[in-house]
Amino acid sequence: MANTFVTLFWRPSVFDEAVQWLAGHGYTIVYLDARRWATEADMHRDVASALDFPDYYGHNLDALNDCLRDVVAYQYGTTREATGLLIAFTGYQAFAEADRRCAAEVLDIIAGQARSAALIGHRMLCLVQSDDPQIAFEPVGAMPVLWNHREWLDARRQPGSDPHPPIA
């Protein structure tokens, strides 16, 4: 996660381990199941609810960017007492298949706001679990969307491969 604010995961066990580590270190965890999103409207509904966006939220990508800016400023979605905020997407390939442009834009918005958050000492991360081990995105927030270190090699994202490779 040191190289990007948005990190991909394939194996749910590796994803869950990372989420639990962050939870154990005081992060506010916001889970979002992207398998249920067939449209951009579905995504806006769930994100707005999960982050407690105000009633006037515009349900479009500009409004998402604006409200995430407010999340960075601790107006809602997390607290100053938390170590940071983790937005944890599961099944993101389903949303990417339904609306690739929007799925990529959401990650870009989150990455951009996470960079802004870092400037004021607010930690904000996004973990993206995908059932597609080959999913890839263009750079977001001027940073690449990278695989986590344990599944970095393509060979580690194959059924039957060891999710716990020896540490060299």
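**View A. Valine 140, a buried loop residue.** At 2% relative accessibility, valine 140 counts as buried (buried means under 20% relative accessible area, exposed over 50% and partly exposed in between, with a 1.4 Å probe and protein chains only). Valine 140 sits in the loop between strand 4 and strand 5. Here, strands (E, at least two residues) and helices (H or I, at least four residues) are DSSP runs, numbered from the N terminus. Although 33 residues separate valine 140 from leucine 107 in sequence, their C-alpha atoms lie 6.4 Å apart in space. Setting aside neighbours within four places in sequence, valine 140 is in contact with Val6, Ala104, Leu107, Asp108, Ala111 and Val145, where contact means heavy atoms within 4.5 Å.

A word on the model: it is predicted, so local features need pLDDT of at least 70 and side-chain atom pairs count only at pLDDT 80 or more, while totals for chains, interfaces and linings use all residues. Residues are numbered from 1 along each chain as its sequence is written, and side-chain values use heavy atoms, with hydrogens and water left out.

**View B. Strand 1 and its two partners.** Strand 1 covers residues 6-9 and runs parallel to strand 4 (residues 123-129), joined by 4 bridges; two strands pair if DSSP finds at least two bridges between them. Phenylalanine 9 stands opposite glutamine 129 of strand 4. Strand 5 (residues 146-147) is also parallel to strand 1, through 2 bridges, and leucine 146 is the bridge partner of threonine 7 there. In a regular strand the side chains alternate between the two faces of the sheet. In strand 1 both faces are covered, with Val6 and Leu8 buried on one side and Thr7 and Phe9 buried on the other.

View C. Asparagine 148 lies in the segment after strand 5 and, at 6% relative accessibility, counts as buried. Its side chain reaches the backbone oxygen of leucine 8 at 3.2 Å and the backbone nitrogen of arginine 150 at 3.0 Å. Beyond its neighbours within four places in sequence, asparagine 148 is in contact with Thr7, Leu8, Phe9 and Val14.

**View D. Helix 2 and what covers it.** The buried residues of helix 2 (residues 40-50) are Asp42, Met43, His44, Asp46, Val47 and Ala48. Their cover includes strand 2 (27-33), helix 3 (61-72), helix 4 (92-98) and helix 5 (100-119). Just after helix 2, look for aspartate 52, which takes a positive phi of about 60°.

Technical notes
Polar contact = N/O pair within 3.5 Å; in protein donor to acceptor, adjacent residues only side chain to side chain.
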